[in-house]
Amino acid sequence: MPFTLAALPYAYEALEPYIDAQTMHLHHDKHHQAYTDNFNATLAKHPELQFKSGEEYLAKLNSVPEDIRTAVRNHGGGYVNHNLFWSVMGPNKGGAPTGAIAEAIQKTFGDFAQFQEKFNNAGAKQFGSGWVWLVNGPGGLQILSTPNQDSPLSHGLHPLMANDVWEHAYYLKYQNRRAEYLKAWWNVVNWDAVNVNFAKAK
Ligand code: MN3
């Protein structure tokens, strides 16, 4: 079994009141665990594949054997996307961005408020399940959304931060009010982690 589900880097209740503990338990222990198990079961069908990381499978999706490509895209995507998601959140975080990412956001989007609005709109408009991302690519910073568990890595882009807009991410607390969840989420964003991702992507 090549991939394991890491423990959350903080307590399940640490993101209260913005994300409730029950959602965190189900999201990490059930959903993320299932993606991890299914990713491993998928890779077990092709033991000759020895990519070093989940990220590498997504970045090289076209060289993954066709019979497991969709499963890698879905379950590998679910495994990798949630690892990023937990890491860019934390207790006592939020506020305005700091460091290099703050400068890049200002340069690209005008100011933090305009950036938030654009990010929230992209998340609200993603039809059905998916993710909203800030990525770094050849043209610099970019906001985009993807359906299901599709990763920007499969399009040559480097994810810096992401919010999960699957209903399982917010429905217990926010029910159908995705826009409210998107707005509240900024209170838990860990800008130090986003800066680390930005430095690696450059
Ligand atoms: Mn999820």
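Which element gives the largest share of the lining of the largest pocket? Select α3: five residues of that lining come from it. Helices (H or I, at least four residues) and strands (E, at least two) are DSSP runs, numbered from the N terminus.

Before going on, note that this is a predicted model, where local features need pLDDT of at least 70, side-chain atom pairs count only at pLDDT 80 or more, and totals for chains, interfaces and linings use all residues. Residues are numbered from 1 along each chain as its sequence is written, and side-chain values use heavy atoms, with hydrogens and water left out.

**Stop 1: the largest pocket**

The largest pocket has a volume of about 350 Å³. Of its 14 lining residues, select Glu55, Leu84, Pro159, Asn197 and Lys200, the closest to the pocket centre. Two or more lining residues come from each of α3 (66-87), β3 (158-164) and α8 (191-201). By class, the lining has six nonpolar, six polar and two charged residues. (Ala, Val, Leu, Ile, Met, Phe, Trp, Tyr, Cys and Pro count as nonpolar; Asp, Glu, Lys and Arg as charged; the others, Gly among them, as polar.)

A pocket here is an open set of points on a 1 Å grid over the protein atoms alone, where a 1.4 Å probe fits, with protein on both sides within 12 Å along at least five of seven lines; lining residues have an atom within 4 Å of a point. Grid points are joined across faces, edges and corners, and the volume is the space filled by probe spheres set on the points.

**Stop 2: the second largest pocket**

The second largest pocket has a volume of about 200 Å³. Its lining includes Leu58, Lys60, Arg69, Arg73, Asp150 and His155. Both α2 (54-59) and α3 give two or more residues to this lining. The lining holds three nonpolar, five polar and four charged residues.

**Stop 3: the manganese ion**

Select the manganese ion and its protein donors: His27 (NE2), His82 (NE2), Asp164 (OD) and His168 (NE2), lying 2.0 to 2.2 Å from it. Donors are N, O and S atoms within 2.8 Å of the metal (3.2 Å for Na, K and Ca); water is not among the atoms, so sites may look incomplete. Histidine 27 lies in helix α1 (residues 21-43) and aspartate 164 in strand β3, so the pair ties together parts that are 137 residues apart in sequence. Both histidine 27 and aspartate 164 are buried (under 20% relative accessible area; exposed is over 50%, partly exposed in between; 1.4 Å probe, protein chains only).

**Stop 4: the sheet**

Show the strands. Three of them form an open antiparallel sheet in the order β2-β1-β3. Strands pair if DSSP finds at least two bridges between them. Eight bridges join β1 to β2; look for tryptophan 131 opposite threonine 146 in β2. Six bridges join β1 (residues 130-137) to β3, where proline 159 stands opposite valine 135. Six of the seven residues of β3 are buried.

**Stop 5**

Most residues other than glycine have a negative phi, and most peptide bonds are trans. Select glutamate 16 and proline 17: a cis peptide bond joins them, with omega about 0°. Next, asparagine 92 has a positive phi of about 55°. Asparagine 92 is exposed, at 80% relative accessible area. Finish at asparagine 148, in the loop between β2 and β3, which also has a positive phi of about 55°.
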